[in-house]
Amino acid sequence: MAAAELSSLGDCRALPGDAGSPEGIADLAARLRKQGERMVQVLVNNAGRTWGAPFESFPDKAWPGVMAVNVQAPFRMIQEFLPELEAAASMSDPSRVINIGSVAGSNVSDLQAYSYGASKAAIHFLGRQLAAELAPRNITVNTLAPGYFPTDMTAHLQDEDVGLAKKIPLRRMGSAADIA
């Protein structure tokens, strides 16, 4: 549906895949290349995973999957699609990488999502580092830090009893128009 809407602005095709593992990312790139694609001008790293639990019982298993999806996967996506990003890039019209971070990566919250906050801080830093690395290749790298949006990942925060809306300046979660 999103690809159809974006196609009104230019060529846009959806290619769903598994960003949860390096193998899934390599498969995604192989399928794109099998279609004969030689250029990717915009890469949006939007996959995300979280885990919440009290500090005293926050398990070791809450770290690997969150870090893999929120940090390693965007790095691997950029690495894997670098040839296509470079092919589409020019000085006057660079290719663009957009990482989706979070305010949880720059502000401390009381949500007890320790691996999530650490992973989002990491993607913010990684984005800055890759921006410096890839600028000479005419590829920009930016990381957005959205606040709270109604998604499956934030479903447990949408209950009025949680009181999250009181902590947001607009007193509501974000909408699609806000992020656009």
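**Reading burial, ring pairs and helix packing**

Q: Is Trp63 buried, exposed or partly exposed?
A: Trp63 has a relative accessibility of 33%, so Trp63 counts as partly exposed. Buried means under 20% and exposed means over 50%, with partly exposed in between. The model is predicted.

Q: How many aromatic pairs are there?
A: Rings of Phe, Tyr and Trp pair if their centres lie within 6.5 Å. By this rule there are three aromatic pairs.

Q: Where in the chain do Phe55 and Tyr114 sit?
A: They link distant parts of the chain, 59 residues apart. Phe55 is in the loop between β1 and α3, whereas Tyr114 is in helix α4 (residues 114–134).

Q: Are Phe55 and Tyr114 buried, exposed or partly exposed?
A: Phe55 has a relative accessibility of 57% and therefore counts as exposed. Tyr114, with a relative accessible area of 30%, is partly exposed.

Q: What is the geometry of the rings of Phe58 and Trp63?
A: Their centres are 5.9 Å apart and their planes stand at 75°, so Phe58 and Trp63 are an edge-to-face pair. Phe58 counts as buried because its relative accessibility is 14%. Phe55, Phe58, Trp63 and Tyr114 form one aromatic cluster.

Q: What describes two packed helices?
A: The angle between the axes and the distance between the axes describe them. Here the axes of α3 and α4 come within 7 Å and cross at roughly 20°. That angle makes α3 roughly parallel to α4, since angles under 35 degrees fall in that class. The crossing of α3 and α4 is right-handed.

Q: Which residues of α3 and α4 meet?
A: On the α3 side, the residues include Val66, Met67, Phe75 and Leu82. On the α4 side, they include Tyr116, Ile123, Leu126 and Leu134.

Q: Where is Asn45, and is Asn45 buried or exposed?
A: Asn45 lies in strand β1 (residues 42–45). At 7% relative accessibility, Asn45 counts as buried.

Q: Which side chain does the side chain of Asn45 make a polar contact with?
A: The partner is the side chain of Asn99, at 2.8 Å. A polar contact is a pair of N or O atoms within 3.5 Å. Leaving out residues up to four places away in sequence, Asn45 touches Pro74, Met77, Ile78, Val97, Ile98, Asn99 and Ile100.

Notes:
Residues numbered from 1 in each chain as written. Predicted model: local features only at pLDDT ≥ 70, side-chain atom pairs only at ≥ 80, totals over all residues. Heavy atoms only, no water. Helix = DSSP H or I, 4+ residues; strand = E, 2+ residues; numbered from the N terminus. Buried < 20%, exposed > 50% of the residue type's maximum accessible area, 1.4 Å probe, protein only. Polar contact = N/O pair within 3.5 Å; in protein donor to acceptor, adjacent residues only side chain to side chain. Contact = heavy atoms within 4.5 Å. Phe/Tyr/Trp six-rings, centres within 6.5 Å; stacked < 30°, edge-to-face > 60°. Axes fitted to C-alpha atoms, helices over the stretch in contact; angles between N-to-C directions. Parallel < 35°, antiparallel > 145°, perpendicular 65-115°, else oblique. Left-handed = near helix turned anticlockwise from the far one by under 90°.
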